[in-house]
Each structure stands twice: as C-alpha cells, then as structure tokens.
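Trainee: I have a structure here and want to go through its parts and contacts. Can we take it step by step?

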Amino acid sequence: MANGKKIGDVLLSVQNINLSFGGVQALVDVSFDVRKHEIFAIIGPNGAGKSSMLNVINGFYHPQGGTITYRGVTRARMRPHEAARQGIARTFQNIALFKGMSTLDNIMTGRNTLMSSNFVLQALHWGPAWKEEKAHREMAEEIIDFLQIEAIRKTPTGRLPYGLQKRVELGRALAAEPDLLLLDEPMAGMNLEEKEDMCRFILDVNDEFGTTIALIEHDMGVVMDISDRVAVLDYGRKIAEGTPGEVRVNQDVIDAYLGVSHD
Amino acid sequence: MEALQAVFVLPFLDMAGEPLFFLEVIIGGLLTGVNYSLVALGFVLIFKASGVFNFSQGIMVLFAALTLVGLMERGVPVWLALVLTVLAMIALAFIVERFMLRFLVNQDEIILFMATIGLAFLLEGVGEIAWGADVKELDIGIPDKSFEVGGILLNEFDLFAAATGTVLVVGLAVFFHKTPIGRALRAVADDHQAALSVGIPLKTIWVVVWSVAGIVALAAGISWGAKSGVQFSLSLIALKALPVLLIGGFTSVPGAIIGGLIIGVGEKIAEIYWGPLVGGAIENWFAYMLALAFLLFRPQGLFGERIIERV
C-alpha cells in the first residue's frame with residue numbers, strides 16, 4: 001500500500017460458506033480471508049448476499065455449510081454475543097442505535113464486553129464498579145472526540161440526522177476496541193460530504209488503532225479508493241477477489257454491474 | 001354558587017378544620033399507594049427490558065400468592081414457604097426465557113405482548129390445578145392491628161407492607177439506575193439485535209428481570225392477599241397498576257413509585273372530601289380519571305422517556 005502499512009496474518013477466514021433461506025440460496029460456497037490491519041471490502045449488486053455474509057461472520061445467521069476461522073479457532077457457526085466478546089464489532093445497514101439513549105450512553109453500551117465479566121456481580125460491587133465505570137467513560141469521551149461529535153453527546157440518538165446516527169453507530173462499535181470491525185454499508189444514504197467524512201474516519205481507525213475492517217458497499221467508487229482488497233459477490237457467489245485495480249478490470253465484475261444476462 | 005362553593009371551598013375548609021384527620025387520610029393513602037407502586041413496578045421492569053407490556057403481571061401476583069398459601073396450607077413454615085416461593089418465581093423466569101422469549105428475539109413488540117397473554121392463561125390454569133380455585137386466607141403472622149400515635153390511627157400490617165415495599169423499591173431503583181445493568185436493560189429494550197452485537201447477554205438480562213418481576217409480584221401478592229384473601233380477583237389489581245403506569249411513565253422506576261403514591265393519596269382524599277357530593281365510590285374511578293387527564297396533557301407520563309418520532 002501507498003501508506004506503507006503492514007498487512008499481517010490471516011485474522012478471519014471463511015471457507016465454503018453455504019447459506020439458504022428456504023429455497024433461496026443466499027450464499028453459495030463463498031470463501032475468503034481477511035488479514036490483520038487491512039481494509040477488506042465486499043461489494044456486489046443489490047441482493048448479492050453481502051449483508052448475509054456479514055451476518056454469518058458475527059453470528060446472526062447460521063450457515064448450513066462451511067467454516068469460520070477467527071483468530072485460529074475454527075467454528076461451524078458464530079454466536080452474536082460470543083463474536084462481540086471475541087472482538088468483532090459491527091454497524092448495521094439500517095442503523096440499529098438505542099434511540100431513546102444519548103450518544104454517550106450508546107457509546108458506553110459498546111464497552112459492555114470490556115466491563116468485568118460477571119454481570120450480576122458487577123451490579124452489586126459498589127466501589128470498584130464505580131471506578132471501572134469512570135475509566136470506561138473516559139474512553140467513550142475519547143471516541144467522541146475522535147469522531148467529532150462532542151456537540152451531540154447528550155442528545156437522544158433518535159433525534160439526530162441520518163449521517164450523524166451513522167457516525168454514532170460507528171462510535172459504539174469502536175468503543176468495544178474491536179480487532180475486527182464489520183461495517184454494513186457505512187456510506188449508504190449519505191451525501192458527498194458525509195461520505196468523505198466517513199471515508200476519512202474509516203481510514204483513520206484503520207491507521208491509528210490498527211483495526212482490521214471488513215466493509216460492505218455497493219457504491220464501487222468509494223470502495224476502490226479506501227480498500228486494500230476487494231471481494232465481489234453476485235447472486236450469492238464470489239465472482240472475483242483482488243486489489244481494487246484488479247477487480248476494476250475483471251470482466252465478470254463489469255458484467256455483474258452492468259447486468260449482462262447469466263445464461 | 002352554592003354548588004361551586006361545595007366543590008371548591010368547603011372540602012378545603014374541612015381539611016384545614018381537622019388537620020390531624022387530614023394527616024391520617026394522607027398516611028392511609030400513602031400506605032395503599034406503596035402497594036399500587038409494587039404492582040406497577042413489576043410492569044415497569046419487564047417493559048424496560050423488553051419493551052413489552054407484560055399482560056401476565058397480574059396473574060404472576062396471583063400465582064405467587066397462591067404458591068405461598070398452598071405451601072403454607074400443606075404445613076410448610078412461613079419462612080420456608082417464602083424461600084420456596086421466591087425460588088419458584090425464579091424458576092418461572094428461567095422457563096419463560098427458555099420456552100418463550102428465546103424464540104421471539106427481534107420480533108415485533110405486539111408478538112411478545114401476545115405471548116404474555118398466553119402466559120397469563122397458562123399461569124392461571126397451572127396455579128388453579130396445583131393449588132385449587134377456592135378463596136384462601138393468607139396469614140403470614142403479622143397482626144392486622146391498629147394503634148394510635150399522637151392522635152393518628154395507624155395499622156400495623158399496613159406499616160409493615162409499606163416498609164417492605166419501600167425497601168424493595170429503593171433497592172431496585174438503585175440497582176437499575178446506578179449500575180451499568182440499567183443501561184444494558186435500556187439497550188435491550190431499544191433493539192435486541194444491536195444489544196446482541198455489542199455483547200449484551202440477552203438471556204441473562206431477561207432471566208434477571210423476570211426473576212425480579214416475579215419477586216416483586218410475590219411482595220404485592222402478600223400485601224394484597226392478606227387483605228382480600230387469595231383468589232382470582234387478586235390478578236385484577238393489575239388494572240389498578242395501569243393508571244399508575246400512565247401517570248408515572250412506563251419506563252421509569254421512580255415514576256412507578258410516585259405514580260402509585262399520587263393515586264393512593266389522591267383517591268383517598270377525593271373519596272373522603274368530595275365523595276359525599278356524588279354519593280361516594282370515587283375511589284373506584286378516580287385513578288382512571290387522573291390517568292385520562294395525563295393521557296391528554298402528558299402522554300409520556302411524569303418521568304417517561306419522551307417519545308421521539310422522526311417523520
């Protein structure tokens with residue numbers, strides 16, 4: 001890469017994932033690796049299975065076949081809160097913030113997995129719990145600074161405009177100090193300026209915290225600019241994988257995007 | 001003119017004329033109010049943790065009281081019966097999570113609501129099969145005696161019930177407001193999937209909350225059951241909790257407490273000072289009228305979260 005960052009070993013490897021809903025094949029034999037510190041993008045036309053893939057990785061969907069190897073442990077399926085505890089954080093395509101809670105509280109919930117292990121004890125332990133809460137609070141404030149959302153820290157998130165909600169959601173995911181950050185269409189529905197801001201934050205997160213990022217987009221332009229590697233899904237199958245430059249000139253990809261018939 | 005005077009002036013003169021009696025009325029109202037708060041609290045807890053109005057809360061009160069009485073009738077000592085009933089309510093929480101809530105993650109609230117209606121019928125049936133449908137007397141050994149302090153008539157059992165209620169309510173308020181568990185609860189209520197994605201153990205939260213709601217139901221069951229006997233109508237006190245919730249706000253623990261006290265005191269005062277004007281029985285509808293007024297002017301209740309809707 002131009003900025004000379006060091007891409008490491010494989011962090012996440014999905015192999016031969018098959019996922020179907022009733023008779024619909026959402027994912028067919030999809031395999032790819034995500035390496036440490038890289039920005040890995042999954043692109044494809046609408047309905048290509050991109051979100052399904054993300055949901056398989058963090059355990060919302062359980063694939064019928066294939067394996068998920070994360071940090072060297074191979075599983076047939078993930079479970080959502082297990083994934084969270086293992087350092088996988090995510091955002092959602094249709095923003096899933098806690099709408100009645102303030103920006104700060106939303107970000108604080110992101111630190112849930114880092115708070116002391118036993119939930120009930122944590123509620124009963126007075127002194128230490130209070131100290132712990134303070135430390136977490138400081139970290140949350142740092143994230144708020146980083147994302148430049150100081151002005152809305154006390155605002156209930158349901159009241160925020162769309163672009164800011166997306167940013168708060170990113171903040172909540174970052175609060176978990178994840179090893180792997182999954183972003184489901186982080187730029188969807190944004191105007192140009194918001195998209196540029198989001199790109200900058202994604203690059204900064206990757207750069208400053210060394211966080212590995214797997215993201216989904218269907219806007220190819222943006223993805224090509226910020227990703228290290230790209231996988232392309234179409235009708236649930238992986239049709240290409242490589243650097244943005246390679247993918248851009250791949251004939252299958254061009255066909256998929258231009259809608260050439262598949263027979 | 002005279003009518004206006006009877007409504008707006010004379011009752012207040014009565015209050016001022018006999019301050020000691022007025023105080024007695026207020027205390028009586030507060031003591032009843034704590035009991036309303038207890039029932040309302042059960043609703044608030046589950047509403048906060050799942051965004052669902054638990055239709056079966058009233059039946060849980062009945063079920064807890066029935067279990068307690070049933071055990072005592074079979075010769076189990078009071079303290080052991082209490083412990084066993086608490087365990088039964090915790091077991092119920094596990095069962096509800098395992099066989100009901102687990103399958104309904106991320107479903108619409110209305111679906112969860114329907115499930116709680118089913119649960120209400122189930123609990124009612126199980127309770128009656130296990131312990132019988134006849135009216136039972138509940139006596140946990142606290143005398144129902146009245147005594148006088150400084151000219152004010154107090155009832156020993158009422159005081160005991162109020163003290164227990166206060167301890168429970170304060171404990172819960174601290175538990176849910178001053179600890180991270182409170183934030184996790186609100187997160188779960190807002191969005192199941194997002195809560196899972198930040199690693200909040202949904203199942204644990206649900207078991208904890210339903211257990212606590214079960215124990216609160218037991219406390220309410222004891223204090224109401226000792227007065228009116230344990231029978232099906234006990235579950236109808238849940239209806240009295242509705243106006244409390246509307247006034248206090250569905251999501252607020254302090255709201256449930258203050259709402260309960262407002263209604264307890266309000267209906268007693270209305271009954272005694274304004275009752276004679278309309279031939280009495282104000283106590284039966286006062287709470288609902290008050291709730292109606294709140295619905296018109298402050299639909300989120302005194303302490304509820306503002307309802308924000310983007311359009």
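Trainee: Into which domains is chain A divided?

Mentor: This is a predicted model. Chain A has domain 1 (1-87 + 178-263) and domain 2 (98-177). Domain 1 is written as two segments, 1-87 and 178-263.

Trainee: What separates the centres of domain 1 and domain 2 of chain A?

Mentor: Taken over C-alpha atoms, the centres of these domains lie 26 Å apart.

Trainee: What makes residues of domain 1 and domain 2 of chain A count as part of their contact?

Mentor: The C-beta atoms of a residue pair must lie within 7 Å. The contact takes 11 residues from domain 1 of chain A and 10 residues from domain 2 of chain A. These residues therefore count as in contact by that cut-off.

Trainee: Which elements give two or more residues to the domain 1 side?

Mentor: They are α2 (80-85) and α7 (192-209) of chain A. The largest share comes from α7(A), with four residues. By class, this side has eight nonpolar, one polar and two charged residues.

Trainee: Now the two chains. How many residues does the contact take from chain B and from chain A?

Mentor: Chain B gives 23 residues and chain A gives 32 residues.

Trainee: Which elements of chain B give two or more residues to the side that touches chain A?

Mentor: α8 (180-190), α9 (192-197) and α10 (202-228) of chain B do. α8(B) gives the most, seven residues.

Trainee: How does that side of chain B divide by class?

Mentor: The side of chain B that touches chain A has 12 nonpolar, five polar and six charged residues.

Conventions
Residues are numbered from 1 along each chain as its sequence is written. Chains are lettered from A and ligands numbered from 1 in the order in which they are written. This is a predicted model: local features need pLDDT of at least 70, side-chain atom pairs count only at pLDDT 80 or more; totals for chains, interfaces and linings use all residues. Two residues are in contact if their C-beta atoms, placed from the backbone, lie within 7 Å. Ala, Val, Leu, Ile, Met, Phe, Trp, Tyr, Cys and Pro count as nonpolar, Asp, Glu, Lys and Arg as charged, and the others, Gly among them, as polar. Domain bounds come from an automatic or database domain assignment.
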